Every structure is written in structure tokens, then in C-alpha cells.
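Here is a short briefing on a structure, grouped by topic. Please read it with the sequence and model at hand.

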Amino acid sequence: MSTLTEEPRASAPAARGRRGSDMFVKFNLVIVFFALCAVATLLAPEFLTTRNLANLLQQSSLTGIVAIGMTLVILTSGIDLSVGSTAAFGGMTVALLIDQDMNFLAAIAISLAVGALFGALMGGLSAYLALPAFMTTLAGLTAIRGLTYMLTDGQPAGGDVPQAFQLLGGGFLGYVPVVGLIFIAITVIAALVLRCTTFGEYVYAVGSNREAARLSGLPVRGVVTAVFAISGALSALAGVLLTSRLTIGQPTAFNGLELDAIAAVVLGGTNLFGGRGGVFGTFVAVLLLSVLRNLCNLLGLGSFFQMVVTGVILVVALILNMVIEKRGSRV
Amino acid sequence: MSFDAGTERLTMRGIVKRFPGTVANDGAELSVRAGEVHCLLGENGAGKSTLVKILAGSQRPDEGEILLDGVPLSLSGPQAGLAAGIAVIYQELDLVPDLTVAQNLLLGHAPALGPFVRRAERERRARAALDRVGADFPVTATVRDLPIAAQQLTAIARALTFDAAVIVMDEPSATLGENDLRKVFDVVRSLAAEGRSIIYISHRMDEIMEIGDRATVLRDGRTVGVFDVASTGPDALVSAMIGEARELVASEPRPPVTGEPLLRVDRVRVPGLLDVSGIEVRPGEVVGLAGLGGAGRTTLLKALFGDVRATADVSLDGRPLRVRSPAAAVRAGLALVPESRKEQGLMLGLSVVRNAAVTALGRPPWLLPHRRGSRRAAPVLADLGVRASSPHQPVGKLSGGNQQKVVLAKWIARGGVRVLLLDEPTRGLDVGAKADLYRQVRALADTGVAVLLASSELNELTANADGIWVLYEGRNVGRFDPRTTSETTIAHTVITGAMP
């Protein structure tokens, strides 16, 4: 299908070998994921029960939703450290608004809008004033957490929430948790946006070379502001879903969420300097990290041990990606 | 320091340095005596910078030898150059701006007592070095806060802390004003009087006449002559730089382009950098911009493209053109092929087709960028003859010529380009790729696009442009018709800024 002038092709077996290794590069994470699941099943028979798998999906979904937004930000070579605070703020506002007898759908909409606004503010500062996103969102991390505490002077909020609202965060459709479905839906939508819209193409262009994108006339600042707004809205959504499950808003929730989200994005193969990667990798990485945690729990290994394993896995994944990339560039 | 004036201090013999697609030095010779100020002259691309880099040890020659006081040198890196007593002061002064003068002067060889820096001793030595260049600012000043002339003196003083026998100064006047230059010249003279050898690089003839004892002229990577400055005179030096052989290039004769100008640059001003007026480009016309490095060619193109803040009085097709950003310029029908294709032109990690298509997506429907993009970009890439193993190959893996074609394809695929701005489009390309690129530019011009082409390669301009404006120190000094003017005449204006 190529309309370019073709250079002589490599011989067929070599090409097949390369395609094989391409497939491995592309799906190595999936392979590792299934291998880990297999190991988990062998070591702990309880692993492969619907109840455990449903739990697993429920636990990973909130981090996952945030990690999807983080993926978009990192694809533009940005970083968003404020996601945990924004999520807590979103959870608190929705609880407080429902407590004021607001319709819960309107309350959710307002929470998400405020999250998007926070994101747009931090992203806009970074895009228009050329401040490092690391700093604007670090400032956001502190300030928004402070605002969250100020809402209720540090006390949890709400308590009396409608049944329908509780279903969002705690409900099940058959065996499948609703939050899991939301996580999957958001992943699919984000993947479609990245692949099938001009905006998605601009995200990659900006992340690959911001200067070239700017000199090509792309709306670089708009794109950067938009991805931070999306990240803010998705963070707020995670907060809303947590409030729905707990039936109260917790101002202390989601501490350190940004690190879990960034870890998942990087483990998912998205380049920390932008331009390469995607949400599918993030999706698998979120599940993988949560299977790992689950396995440690089932085996009775403490959370301290889990933290060490997670750290080691991240480093190994980074080294593996580097090695594969080097090999790829030599071909 | 004692010395016999007139003895050979430094000799570079038969230096050859090749880069992919080009030969930067092709038998360059340089011989410098103790106690002289030796000027190194040549047009853009004559091989001066490469020769200096080889002398500094930051690049290794493919052939040739370097002798210092008759002893062969093998320089493995810049540190080895310094250790041998050769200090290079680059135009962009490689000082650390946030450190003090004393820290900078003795950076890397500070007096130490075990792990501790002897601060008092460092400041004493720094003071001594500053005194010798006649500088009166404190050694505790932070370099960033110093005026540019003081920074230049600091850089010279740094060379003295290495007790350098050979000091290379790369266009110090590019950043210095008239008064500051006097001060630097006084220092240069006193250093020469001590028996040090100064290699002075500059484009400006009046400086050369004032400070230089002898001059080596490079052309096309070769040394064409060594001259006694005082007895030779500026005209003969300029002729040596340009060469006599180059006359009218026998390109296909083109009729002059007529019609109303499409782009009219009545005046563009960037304070301190650029003040250009009266440039016009007709549809189908390729107007060249010639000039030395720093003459303002890039700044002019950036100002037109909305990438540099400028007071601009420009019109496109009779209507005033006001662009505040590259995005606005693109909407108005301008396209820029920037100076550095890797850093400014391409997203190296993305595929060929995605690079070529990215400008074509900015209109509704905002969907299916890959399908829409490749529908627009693929025929353009094929027309331009881009050679890639697949349209999905990362653009970073293509050759330079093919990469530059992708930058061009990006604008053709977008469509609606009325003015094409090209900044050094053939840098680093081999001869075939250059010819290919100019063919594409000409084809684009033939569709009615107005082209502004900035290049350091005068022979490319005379062969491909319908008219050539020469820029000198931020002003456009004159327009030449390459059909009736010899390259030598234009080169003379490029170097001196004076019209024939």
C-alpha cells in the first residue's frame, strides 16, 4: 500500500524475525501480565475466583481512571502532580453539594468541571507562561489539598447520599463492578480520541517535538491546556467515585496518587519525555500492578514487601524498554 | 616570558576533515609565529570553524598534523588542547554564568588543599589574570551580571590562567561595541607583545587591517594564501576570500518574473538586530537572502513568520499582514522551512506520513487524522520522491535530503501556501539532494508561490534565485540580479556591506 519509493526489502526470514520481535515489543506487557496471572493462579488458587477478580478490578479502577488522564499529559511531555489533591477535592465537593440537596448528576457535573478548571489553570500557566508543569502542578498539589481541607476544616463530608449515586462507585452489574466498566469505557474513549481525532494526533506531535509543532502552526498551548484539563476532570471523577463507594467525602483521600499513576503510565510503555505510548499500555499496567498487589495479599506478604516488588518491577520495565528501543534503532 | 619574534610557534599542515556529504577542511594550512596577531579569513563555510575546532582538540582531523614549537601534537580532547597551551575563546563565551569571575577563571584547575579549594589563593590568581587584561571589576562578581565586554575580558583572562601560548578568538566583535572593542584590542596587542600568538577570526575588514599582522585565507576548506596584512590591503584580501574563477553560473536562463508583488516587506524592525525595508517578492519568484552569519537572514524570516516580536509593515496580496504567532502565519498562507530540520522542522520519533500530514489536519472534520492525513500526504511524498522503507518509518531514520523533503511535504500537503520561507534548506545535504530540493522549490514557485530563500551558499543562490538581497549587520544593503551580476560582485557586498 506504500506509495513511497520503496527501498530494497530485507530478506523474508529476517523480516519475519523482525516482525516477531516487533510483536513482542508491542505486546510484551500483555505477555508479562498473563504470565503473572498464571503464576498467581498456581500459587494461590483463590486468585482465579470471580469474587477476587471483581475486587481486583474495583480496586484498580480509580487509579486507572487517573492514570489515563496522566497518560495524555505525559504524551505531551508534561507531568501532573496534582491529581491526588484534585481527586480529593472532587470527592469532597460532590459530597457537600449532594448534602445541600442538589441533584447528584448536577453535583457530579460541577465536580468534574471544577477539576477540569484546576487542570486548565495549571496547564495554562505552564503553556502560556512557559513555567515547568512539574512546578505548577506541584503548587497545585499543595494548594488544592489545602482548599480541600478548608471546605470542612478537615472533617469528612456528607453521609446521606442517594441509592442511585452509591451504585456508581459500589455497584455491580452481574459480577462486574460499575467502576470497572467506567474505567474500561474511559480507556476506550481515550484510545479513540488519541487515534481517531486531530486533537489526538496533535498530542503526539506536541510531545514529540514542541518546537516543530509550534512552527508547523499547531495550537500547542491549547493542546497542552486541554490535556491538563482532561487530567483534572478525570481526577475529579475518581474522587466522585470514591465518595460514591464510601458514601462520604474524605479530605485525606488519594494521598500519593500521582506516583501510582505515573508509575502505571511509565510501566505501560509511554515515554516520560512525550510523543510515544498510549492508553492501552497504561490500562494493562494498572491491572498488572494491582494483580501484583493482590498476589502479595493472597500469599500473606505484607504491604512493605509489595512496595519493594513494585519498585523493582518499575526499574526492570524501564531497562527492558530501553534495551528494546536500542535494538529497534539499530535495525 | 622571552621569545624570538618571528619563530614558528604553531603549524597546522595538510589538515583534512570530512563530514558525511561534505569536506570541511581539504588541505588547510596554518602557520603562526610567536608574538603575532594572525587573522583567519574566509567566507561562510570556508572551513574556519572546523579548523579552530581541530586546533582546540574538540574534533580530530582525518589527515594532517599539528606542530607546537616543532613538536607534533595529538589532541584527544579540549582538555588536551588547553594542557598543550592552546585556548579558544568562542563567540558564545563558554563561561558559567552563575559562578563568580574567580570561579570561572580557575574552573577545573582551582588551587586546592586536599579536597578544599584555597579561596584566597584562587582570588589572588584571578585578580592577577584580570589585571593583566586591564580589567577593573571585582573577581567576586557573578559573570551573569557583567556587561558583555567584561565577560569577553574574563574569557581572555581565563586563557591566561592556563598560560596559553596560542589564543584563538572567534569573532569577538560580533558581540562587542566600538569602545569595548578598543579595550579588547589593547589587550590583544599587549598579549602579542609578551610573545603569545593570537589567532583572530573576523569578517570585518577594518578590524583585520587594524589588529592583524598576517592573515591566512581559507576557501573551500583549503588555504589559498598567507598575506602580510599591512602591505596587502583589504581589496586583495577580499578577492582572495572570494576567488577569481567564479563568474556567472550557467543555469538555465529564466525570464524575469513580472507582475504585482505578492509579498511586500515595507519595513521590518527588531530593535538591535534587524531593520529591513523594501523587499518584494512576486508570485513565482525566488528571492534569495545572502549575508554573513548574524546578518539577520534568520531573524527576518522568523519575524515574517510571527516567531520573533517585530514592528512589521508587511502586506500580502495588497492587504496588510499582521501575524503574532506561527499559527497565525500559517493561516495567512505562510510556510517556513526552518534552519534546523531536526530541532525545528520534524517530529523525529513519528512516522514519515504523520510528519507530512500534521499541518493538514487543522480543519473539520476533526476525525480520522491517519486516514485523512495519509490521503493528503502520500501523493505529495511520492511526488517529491521521498525514499523510505515504508511511510510508517520514523522520519528520524531517513537521510538528510529525504528529511528536508518531508518538511517541504508538510506544507505542500496542507495546501494554500502562498509564501514559502526557506532558511538554509540545503545545510548538510549532498550535491544530488541539494539539486533535487531546489527543483522542488522551483516547481512550487511555478505554481505561483512567492519564495524567500536564505542561504550561506552564494553559488546556490545565484543558481536558483531570481533576485538576491544582501543583508549586512541587520540591514538590506542591495538587491542583485544573478543573471547580470557575477557572484564575485555579490560576495564582495556580502563581506564588506558596500555596494559596488
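**Strand pairing around S3(B)**

Cys39(B) has Tyr200(B) as its bridge partner in S10(B). This is a predicted model. The points below start with that strand, then move to a second one, the core, the interface and confidence.

- Strand S3 (residues 37-41) of chain B and strand S10 (residues 197-201) of chain B run parallel, joined by four bridges.
- S3(B) also pairs with strand S11 (residues 214-219) of chain B, again parallel and over four bridges.
- S3(B) is mostly covered, with five of its five residues buried.
- Burial holds on both faces of S3(B): Val37(B), Cys39(B) and Leu41(B) lie on one side, His38(B) and Leu40(B) on the other.

- Strand S21 (residues 467-472) of chain B is largely enclosed by the rest of the structure, because six of its six residues are buried.
- Gly467(B), Trp469(B) and Leu471(B) point one way from S21(B), while Ile468(B), Val470(B) and Tyr472(B) point the other way.
- Strand S15 (residues 286-291) of chain B runs parallel to S21(B), and five bridges join the two.
- Strand S22 (residues 475-480) of chain B pairs with S21(B) in the antiparallel sense, also over five bridges.
- Trp469(B) takes part in both pairings: Leu289(B) stands opposite it in one, and Arg479(B) of S22(B) in the other.
- The hairpin of S21(B) and S22(B) has two residues between the strands, and Glu473(B) there takes a positive phi near 45°.

**An exposed loop residue**

- Glu260(B) sits in the loop between helix H9 (234-242) and strand S13 (263-270) of chain B.
- Is Glu260(B) buried or exposed? Glu260(B) has 10 other C-beta atoms within 10 Å, so it counts as exposed; the cut-off is 12 or fewer.
- Glu260(B) and Glu473(B) are 213 residues apart along the chain, and 29 Å separates their C-alpha atoms.

**The largest nonpolar core**

- The largest nonpolar core has 250 residues, of which Val66(A), Ala409(B), Leu421(B) and Val451(B) touch the most other members.
- H10(A) gives the most to this core, with 16 residues.
- The core lies between domain 1 (8-242) and domain 2 (263-496) of chain B, because both give residues to it.
- Leaving aside residues up to four places away in sequence, Leu421(B) touches Leu301(B), Leu304(B), Phe305(B), Leu334(B), Ala335(B), Leu336(B), Val337(B) and Leu452(B).

**Contact between the chains**

- On chain B, 35 residues are in contact with 26 residues of chain A.
- Helix H11 (326-332), helix H12 (341-345) and helix H14 (369-384) of chain B each give two or more residues to this side.
- H14(B) provides the largest share, five residues.
- By class, the side of chain B that touches chain A has 23 nonpolar, eight polar and four charged residues.

**Confidence in chain A**

- Chain A has a mean pLDDT of 86, and 90% of its residues reach 70 or more.
- Among the elements of chain A, helix H10 (residues 220-246) has the highest mean pLDDT (95) and helix H1 (residues 12-43) the lowest (70).
- The pLDDT is below 50 over residues 1-17 of chain A, a stretch with 18 contacts in the model beyond near neighbours in sequence.
- Where pLDDT is low, predicted coordinates should not be read in detail.

Notes
Residues numbered from 1 in each chain as written. Chains lettered and ligands numbered in written order. Predicted model: local features only at pLDDT ≥ 70, side-chain atom pairs only at ≥ 80, totals over all residues. Contact = placed C-beta atoms within 7 Å. Nonpolar A, V, L, I, M, F, W, Y, C, P; charged D, E, K, R; others polar. Buried ≥ 20, exposed ≤ 12 C-beta atoms within 10 Å, placed from the backbone. Pairing = 2+ DSSP bridges. pLDDT = per-residue confidence, 0-100. Core = buried A, V, L, I, M, F, W, Y, C linked by C-beta atoms within 7 Å. Domains from an automatic or database assignment.
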